[in-house]
Amino acid sequence: MAVIQEIEDLESSGVVLPTEDDDTPLQIPTELNLLPLRDSVIYPMLIAPLSVGREASVQLIDDSVVGNNRIIGVVAQRNASLDSPGFDDVYEVGCAVIIRTLVKMPDATRLIVQGVSRFRIVERLQEQPYLRARIEVLEDEPVAEDRLEEAEALRRSVAAMFDQAIRLTPHLPDELRALTQAVQETNVMADLVAAHMTLGVEDKQRVLETLSVMERLRILLDVLSREVRVLELTTKVQSEVNTELSRSQREYYLREQLKAIQRELGETDDRAEELDELAEKIADAGLSDEAAREVHREFDRLRRMSPGAPEYTVARTYIDWVVSLPWEKATEDNLDLKTVKEVLDNDHSGLEKIKERILEFLAVRRFKKDGRLRQPILCLAGPPGVGKTSLGRSIAHAMGRKFVRISLGGMRDEAEIRGHRRTYIGALPGQIIQGLRRAETNNPVFMLDEIDKLGQDFRGDPSSALLEVLDPEQNGTFRDHYIDAPFDLSRVFFVTTANRLDTIPAPLRDRMEIIELGGYTEEEKAEIAERHLIPKQIEEHGLRKSQIEFRRDAVIKLIHNYTREAGVRNLEREIASVVRKVTRQFAEGRKAKVLVTPKFIETALGSPRFLHDEVAERDMTPGTAVGLVWTPVGGDIVFIESAKMPGSKGLILTGQLGDVMKESVTAALSYIRSHAEALKIDSAIFEKSELHVHVPAGAVPKDGPSAGITMLTALVSLLTGRRVKNRLAMTGEVTLSGQVLPVGGIKEKILAAHRAGVQTVILSHENRKDYLEEVPEKIRKELTAHFVKEADEVLKLALEPLS
């Protein structure tokens with residue numbers, strides 16, 4: 001319960017001031033207990049309530065009252081956050097106050113005090129348990145006689161500013177406006193105005209410390225002017241906000257009334273409901289700032305348009321496209337590397353390079369938690385049928401992402417990538433934005449199939465448009481012509497496929513990480529057939545696994561004698577043919593299980609189309625050599641034949657040879673003529689004979705330098721009568737001086753040689769690393785490889801000795 005104690009007048013020595021209650025002089029002690037105040041300044045003549053809660057401050061009040069010392073000093077703290085301020089933490093100038101009323105509460109002591117006079121601390125007497133100091137009472141400096149008019153002008157200006165501030169400040173009562181008229185003393189009026197305004201402690205303390213009344217009025221006028229300007233701006237802002245809110249509330253109220261009236265009349269406004277639904281979609285779409293501005297601009301136009309207007313459908317379609325894009329929707333990546341590897345291995349046999357690259361990316365993704373992660377842009381290059389497209393789907397499955405595929409083959413219009421501008425009738429976004437809309441996430445695996453078959457015409461160059469899409473430094477702000485706002489493609493995992501790289505423009509090729517996929521070995525094909533192709537065809541033809549079984553030797557026979565390819569596409573067709581035969585048997589009434597054997601294969605598919613030992617089919621007469629070539633559909637072997645006859649036409653070339661291959665033959669012949677003596681060739685033969693070089697399969701165009709040493713070997717074999725060794729093939733470029741240079745496509749060429757029954761291969765010395773890294777170990781064990789630097793080494797290894 002509160003205890004209220006009325007404090008009597010205090011008698012003490014010091015300066016004499018009149019009291020509020022009577023004319024008895026009030027003496028200010030020269031030593032005062034000092035009470036620090038937080039965020040507050042008290043002026044003379046001001047009656048103010050105080051709440052004292054700090055332990056030291058409560059003791060100060062108790063000691064003052066018990067000691068019959070009801071006048072204390074109050075000083076403002078420099079830092080309000082301090083709980084135990086010292087002399088250095090309070091201002092030097094304060095105000096002496098008399099305690100008029102004291103109320104003891106459970107949580108604090110509450111006072112009502114009245115300011116008496118300004119003072120300055122002149123000597124510090126104690127800091128514990130509370131501050132106590134010797135003080136000097138400060139008197140106001142009177143206004144000189146010749147400046148009374150200036151003082152009156154300042155007083156009126158302060159009064160006018162104070163009046164304006166009260167009108168602009170809601171929490172100040174209007175009664176305060178009479179304060180400046182009721183108080184006649186200029187110094188007292190200035191103090192009371194400063195006390196009632198919402199000013200900072202520094203400004204209030206500056207007024208307290210200023211003893212000159214004129215200077216005090218100037219400071220107050222400056223502070224009040226600044227405060228009034230701030231209040232006017234605040235009032236203006238609040239007024240604008242309130243006006244906008246009032247208008248919005250009024251429109252909402254009227255719309256609700258209109259809806260209620262329409263419901264009562266049995267009428268419904270479908271268009272209004274449609275627009276409301278569209279507005280909700282816009283709000284929930286998570287648009288970027290620029291996209292939001294564009295959509296809201298179109299939406300405002302849409303609201304003002306009649307549904308029958310031609311532009312209505314255009315604007316509505318545009319908004320539907322933008323809000324349906326996955327601006328913020330993304331799937332979480334599967335970062336369990338073990339699970340991802342299992343999925344990739346189950347879906348595809350071999351292809352270790354690409355699997356390693358995916359696992360490396362996910363490993364980085366697992367450790368890089370914040371910031372932008374640069375997505376890889378892969379180009380899977382290889383012959384048809386090796387699983388490039390299905391590998392993209394497998395990558396998406398393993399990573400837990402959506403999969404989108406678009407085919408670029410034959411695409412000639414740049415707008416297919418960037419979209420059409422909305423000025424055209426029937427305009428739509430490009431395939432990139434359409435694919436993301438179908439995926440419904442902004443981080444799918446996006447496959448751009450057959451990127452090497454892009455075209456160009458008068459409508460633009462799509463490959464140039466792809467430069468931005470496939471550049472990690474630029475695709476974060478990809479701008480489709482239709483959407484006309486930047487969309488972030490940096491989280492998309494782009495995978496492109498190609499059969500050959502030379503048709504891809506160099507700037508586009510430079511933006512992609514190229515991973516070459518070679519052909520499959522026979523063992524890998526058999527594994528793929530048993531794990532994937534056969535179960536797939538059995539299911540597609542409506543059979544059960546209990547009705548048909550392929551023996552391993554039957555699968556090998558299919559691979560050896562019915563297909564000759566780098567991939568497995570034809571193999572799948574042949575398997576489908578066999579399964580159809582079996583399906584027909586069951587349709588005709590068969591009940592027993594069918595076991596597919598090599599004999600069944602021949603019955604179903606007819607005689608073998610290829611002999612496995614292709615090299616043995618040819619008679620290796622002098623002048624014939626076996627070369628290895630690369631084609632867009634994989635590696636192959638080629639037989640180069642040469643003949644001589646009487647005549648003077650020189651060199652005859654047939655077989656649809658390209659310019660580079662023709663030059664290889666000419667270089668080989670020049671080498672032979674310049675080394676005729678060392679090769680034991682009569683130089684007169686070149687003057688009396690014609691030489692004819694032919695490469696069979698004359699309907700197929702052929703070009704490239706890799707048959708150089710094969711041409712050389714065939715010509716030397718012809719001119720010396722020495723046969724080329726059986727089951728030997730070679731590849732490499734030959735120079736005029738006889739050096740053997742490296743060539744590409746080693747894996748595909750070696751696999752083709754192995755399929756054809758070749759047992760010995762001759763390669764350039766610089767192709768050794770390609771042979772060891774790319775060719776499977778099992779194939780290497782079955783072949784003998786020679787690596788040469790000079791042409792004479794080739795001839796020693798390739799030609800049989802003279803008998």
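**Exercise 1.** Is R500 buried, partly exposed or exposed?

*Solution.* R500 has 31% relative accessibility, so it counts as partly exposed (buried means under 20% relative accessible area, exposed over 50%, partly exposed in between, with a 1.4 Å probe and protein chains only). Next, find its partner: the side chains of R500 and D502 form a salt bridge, 2.9 Å from N to O (a side-chain nitrogen of Lys or Arg within 4 Å of a carboxyl oxygen of Asp or Glu). Finally, check D502, which is exposed at 55%.

A quick note on the ground rules: this is a predicted model, where local features need pLDDT of at least 70 and side-chain atom pairs count only at pLDDT 80 or more, while totals for chains, interfaces and linings use all residues. Residues are numbered from 1 along each chain as its sequence is written, and side-chain values use heavy atoms, leaving out hydrogens and water.

**Exercise 2.** Work out how R301 and E298 are placed in their helix.

*Solution.* Start with the pairing: their side chains meet in a salt bridge at 2.9 Å, N to O. R301 and E298 sit three residues apart in helix α8 (residues 289–304), so about one helical turn separates them (helices are DSSP runs of H or I, at least four residues, numbered from the N terminus).

**Exercise 3.** Which residues are linked with R301 and E298 in a network of salt bridges?

*Solution.* The network also takes in E294, R297, E311 and R422.

Definitions and conventions. Helix = DSSP H or I, 4+ residues; strand = E, 2+ residues; numbered from the N terminus.
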